[in-house]
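Welcome, and thanks for taking a look at this one. Here are a few notes to read alongside the structure.

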Amino acid sequence: MKTSKRRTSTGARRTTAAVALGAVLALTVTACGDDGSGGSGDAGAEGSGKGKIVFWDNNGGVRTEIWKQIIADFEKANPDIDVEYVGIPSTDYQSKVDTAIQGGGLPDVGGVNAAMLAGFAAQNALDPVDGRLAKSSLSGKMNKDMITSLRAAGGGDGKLYSVPTSANNGVLYYRTDLFKKAGLDAPTTWDKFYAAADKLTDTRKNAFGYTIRGGTGSIAQALDAMYGQSGITSFWDAGGKKTTVNDPRNVAALKKYAGLFKRVTPAADLNNDFTKMVAQWDSGTIGMLNHNLGSYQDHVKALGTEKFRGIPQPTLPDGKRVQVSNPTDGLGLFKTSKNKEAAWKFIEFASSREQNSRFNKTAGQVPSNNDAAKDAWIAEAEPTKLAAAALTDGSTTIVQLPYYLPDWNTISKADNEPNFQKVLNGDLSAKAFLDTMAGQLNTAQADWTTRNG
Amino acid sequence: MSVKEAVKTAPVPAPAAPEPPRPGRRHRAWDEVPRWQIYLPLSVYLLFTLIPFYWILLFSLRPAGSTSLVPWPMTFDHFEKVWTDRSFATYFQNSVLVGLATLVTTTLVALAGGYALARFDFKIKRAFMLALLCSQFVPGALLLVPLFEIFAELKMINSLASVVIAETVFQLPLSMILISNFIKNVPYSLEEAAWVDGCNRLTAFRVVVLPLLRPGLIAVGSFAFVGSWNHFLFALMFLNNQEKQTIPVGLNTLMGADSVDLGALAAGGIIAAVPVVIVFAFIQKWLVTGFSAGAVKG
């Protein structure tokens with residue numbers, strides 16, 4: 001076989017390069033693996049209160065910076081404890097925790113909000129924190145409503161599995177410049193809301209009064225509008241067995257609300273998740289948007305503070321306001337933690353006045369620490385101030401959504417979001433839609449009651 | 001005749017003669033077709049394809065809060081933010097490592113397996129091929145928990161190797177089938193000629209078959225790289241350390257639970273797309289050849 005020296009040399013060089021590349025890649029990718037458990041000591045142990053703990057942030061990326069600052073301060077105050085921060089995208093947090101519950105590798109501390117609490121508690125993944133909270137410096141300093149909300153969402157045993165960090169609240173954002181131009185009052189009542197939506201709409205000029213959420217997350221917003229208009233203040237009837245979602249007053253309210261679609265909203269709203277909804281409101285000429293405190297900073301970046309306001313949901317003619325609950329966010333202590341003492345120290349530190357205040361200032365949400373809620377920045381962020389006032393001044397009744405039902409996420413998302421789109425399109429009546437959802441909820445409630453006694 | 005010469009003079013099947021036009025059927029030459037009938041549909045198609053890309057570019061280059069339809073005044077703040085503040089430099093490096101390692105391992109194992117499938121007959125060959133095909137219908141999410149347990153047992157959680165192995169395993173079936181088809185198209189007589197010249201099987205494969213597989217290898221390698229570059233699930237589940245996460249996970253962290261920075265998201269999307277575009281731009285010629293010509297050349 002003929003092969004020249006030159007080709008042999010080239011071939012050898014190629015082989016050497018390939019081997020070198022392979023070796024470098026192999027060495028790089030195989031370095032520093034572990035069993036995913038983090039921490040030290042025995043599984044599920046109190047630990048020494050020193051060493052490493054792992055913290056999973058349930059809204060990674062957006063909150064990474066503020067959490068890193070809090071962690072740096074914590075490590076300064078507790079030099080014997082190292083906190084490993086893992087920021088996980090909010091949309092994927094639940095599936096990552098669920099996988100870790102099944103396969104191992106849970107962190108010591110993790111973000112656990114009310115909406116995901118029932119699932120985690122049902123899988124026995126969390127340690128109750130009532131005892132630790134009662135003995136801690138936080139005792140008596142946390143917002144009672146948030147504690148109640150998280151306790152109720154925990155799965156029915158009356159225990160608290162997550163220490164609240166912040167509350168979100170529904171906000172009606174409206175463009176003050178467009179309202180002023182049209183000579184409209186602030187949409188503080190539902191009547192004013194509907195009138196403004198009509199008056200601000202001019203489809204020929206691509207101007208719309210409102211943007212409705214028709215895609216992912218549509219059910220919570222629709223429920224908020226329904227209960228807000230019907231004035232019904234409880235999700236369940238007096239016996240606690242049948243839901244009120246298909247009450248005739250709610251049916252009428254949903255029919256009126258869904259009637260806004262395409263009449264005063266863009267047709268593309270059918271697929272609106274919050275990202276699209278917020279993006280088109282921030283960059284277009286739409287009069288009003290329902291979202292929560294979380295998007296306030298996005299609006300400020302896009303519009304400045306002069307062109308819009310964020311106010312609590314509209315009231316009924318008698319001035320009363322009814323809203324559905326937003327999931328309270330919190331920090332949970334995972335049962336498999338090998339260093340619970342250090343993990344609790346971190347939760348306690350993060351929930352202290354100073355840290356809770358700086359966290360919520362960045363997030364634009366309502367602090368869970370009562371002292372932090374009195375800080376000056378609250379008065380400067382109008383939507384947060386108004387939301388905090390609405391939640392505490394007695395003007396608002398909160399309809400608690402059944403986050404404790406393990407099936408709640410399925411019912412309020414996969415099962416009914418496509419049906420809500422049919423309602424918007426006129427292919428399904430509001431009554432049929434709500435009757436179906438009510439049937440699913442009643443069954444889930446009956447199952448839950450049977451299991452929990 | 002040396003092996004090299006044999007490769008060069010290997011018989012190539014003659015292309016089939018085109019069918020003569022049916023009587024009475026009118027055929028227009030390309031020259032007779034008005035240019036607009038070609039360019040108008042292509043332009044419309046191109047417009048639909050490019051508008052979303054333009055939109056991403058626009059959001060990434062215009063300042064936050066701007067509603068302008070052109071990226072002017074232009075800013076690179078979003079790129080700077082994601083690259084430095086949001087650790088995309090690290091994610092990018094990790095994605096490159098995972099992509100290259102997956103490319104190398106997938107190609108090497110697919111070559112070995114594909115050769116066996118193409119050149120050897122064994123009892124369970126058909127069942128094995130069927131199993132390879134069926135494995136394509138298993139969604140990755142279904143295997144997350146068992147894979148997680150295996151990697152945890154091997155202490156490979158938090159290691160890029162876990163992602164590379166998982167990606168390779170999922171890329172292999174299709175790659176192996178493709179490579180075996182490419183190898184089948186290389187005349188066996190070429191290898192036999194090499195054996196007569198004194199080569200063993202491995203040398204004959206390396207010297208005779210491998211050079212003819214270049215388009216196929218490029219196709220398989222590029223699909224392995226792009227597949228692992230875009231894949232999100234394994235990196236999310238097996239990597240906990242922030243310093244080891246990859247671009248798709250980083251992109252998802254730009255979307256918060258209640259807020260989203262569209263400028264940063266668009267800049268992150270462009271950073272994620274650029275390597276894939278470059279890879280396809282460079283390998284386009286071989287990719288088309290690889291999938292159409294069966295890898296035999298004279």
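Predicted model: local features only at pLDDT ≥ 70, side-chain atom pairs only at ≥ 80, totals over all residues.

1. Let's start with chain B. Its assignment gives domain 1, covering 33–75, and domain 2, covering 89–292. Between the C-alpha centres of domain 1 of chain B and domain 2 of chain B there are 32 Å.

2. How many residues does the contact take from each of these domains? Domain 1 of chain B gives five residues and domain 2 of chain B gives six residues. On the side of domain 1 of chain B that touches domain 2 of chain B, four residues are nonpolar, one is polar and none is charged.

3. Next, the record. An unreviewed UniProt entry lists "transmembrane region" for residues 38–59, 96–116, 128–148, 217–239 and 260–283 of chain B. In the model, residues 38–59 of chain B are 100% helix and 0% strand, with end C-alpha atoms 32 Å apart. Residues 260–283 of chain B are 92% helix and 0% strand, and there the end C-alpha atoms lie 35 Å apart.

4. Finally, turn to where the two chains meet. Chain A brings 44 residues to the contact, and chain B brings 43 residues. Which elements of chain A give two or more residues to the side that touches chain B? They are α1 (5–30), β2 (81–87), α3 (93–103), α11 (274–283) and α12 (296–303) of chain A. By class, this side of chain A holds 23 polar, 14 nonpolar and seven charged residues.

How values were computed. Residues numbered from 1 in each chain as written. Chains lettered and ligands numbered in written order. Contact = placed C-beta atoms within 7 Å. Helix = DSSP H or I, 4+ residues; strand = E, 2+ residues; numbered from the N terminus. Nonpolar A, V, L, I, M, F, W, Y, C, P; charged D, E, K, R; others polar. Domains from an automatic or database assignment. UniProt positions renumbered as here; feature names shortened; annotations may be inferred.
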